[in-house]
Amino acid sequence: MIQISNQENCCGCTACASICPHGAITMKEDNFGFIYPHVNTELCTNCGLCEKVCAFHADYDKSMNLSEPLIYAARHKSMQEIETSRSGGAFIAISDYILDIGGIVYGAGYADHFRVVHKRAVTKEERNEFKGSKYVQSDLRNIFPLIKKDLKDGYWVLFSGTPCQTAGLASYIGKRLSEKLVLVDIVCHGVPAPFVWRDYINYIEKKYKQQIIQVNFRDKSKIGWSGHVESFILKNNKIISPNIYRNIFFKDIMLRPSCYKCHYTNTRRPSDFTLGDYWGWERISSTFNKDNKGCSLLFINTDKAKTLFNDIKKDLEIIPADIKNCLQPKLIQTTEYLPECEIFRKQYQEKGFKYIAKKYGIPTYKEHLQNVKGKIKHLIKKSIYKIIKKKY
């Protein structure tokens, strides 16, 4: 039976609980909202399937990968799709194709009051909830069996998530049923704690005495794609940007323990497609993202993805790229586990969210100065772009 003696050895993908033929494994939350498998020994028969299906290790399946990924900078041809997506809208092009052929799309959306969960979409309207970044680990409970049923029923299925989630799903589904399964992973920084996010929502609503009706983890309307501004729309239609959660996220102290031991921070991805922000697009084109609206990094990792991309690329503006021009830190190495991580975890449990919000979420004078410099730099770039656009 599967036993998690060290939390860093479990990514919470739910493959073990999903494959158990006797329902002996349930996923339970820890003090941070991260889920881990718990075995009912009275139901367990020690069949070993739960251990066999686990893909959170360095030897995850890479048998379908191309020798080298094909890499592109990509932007959707529709400006509306770019403006409502986190990067360049590449996910929309891929998922539109799956939906247009009668397929089903799974991605991260919301349940209850902005609790991040994976959901099933059969229309573009339902799929649109999956747009944008969500810096919280999504809850996958009960999702893998739904995907297996859809595949058995003959549907094309697209699943988008973190690489550990796609690796877990691929292992659970197996090769026999995977012909119509399309996996899309993201260049992942690490997944923050669900309960910290939950407490942040409560904190904001108490502070402003208003219910939150919309959240945006990275609002491009403020300072463009290259910035990172969180925003909330309150019930009275007021828009606020406290940026407390963002500031804590950037300190790398509230991630799942397994994120500091991630096996997928390389270019041998456990998915058909990999998506991310294309930082450094200027090295391949001086004009491709000059409006600062967003630019996707797109990896094609398998022959299946190559075939699908021939039909998908009609909706994208693309530029072939070399791997040396887009090798981000999270494609090279894991997020470093800092001494502050343990301190943060202890303080959050003992003193609550309000304390850690004040200590870690409010910028120091030095951090504030850096933010101001960044905003000034952005405004200068924006002004220069407007002058050039007006002139030509």
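Colleague: Which residue forms a salt bridge with K175?

Modeller: First, the general idea. Side chains of opposite charge can pair when their charged atoms come close. A salt bridge is a side-chain nitrogen of Lys or Arg within 4 Å of a carboxyl oxygen of Asp or Glu. Here K175 pairs with D61, their closest N and O atoms being 2.6 Å apart. K175 sits in the loop between helix 7 (163-173) and strand 7 (181-186), and D61 in the loop between helix 2 (49-53) and strand 3 (65-76), so the pair ties together parts 114 residues apart in sequence. Helices (H or I, at least four residues) and strands (E, at least two) are DSSP runs, numbered from the N terminus.

Colleague: What should I know about the model?

Modeller: It is predicted: local features need pLDDT of at least 70, side-chain atom pairs count only at pLDDT 80 or more, and totals for chains, interfaces and linings use all residues. Residues are numbered from 1 along each chain as its sequence is written, and side-chain values use heavy atoms, leaving out hydrogens and water.

Colleague: Is D185 buried or exposed?

Modeller: Buried means under 20% relative accessible area, exposed over 50%, partly exposed in between (1.4 Å probe, protein chains only). D185 is buried, at 0%. Its salt-bridge partner is R269 (3.4 Å, N to O). R269 is buried too, at 2%. By contrast, K175 is exposed at 51%, and D61 is partly exposed at 45%.

Colleague: How many salt bridges are found in the whole structure?

Modeller: The search finds 20. E29, D112, R115, D139 and R141 are linked in a network of them.
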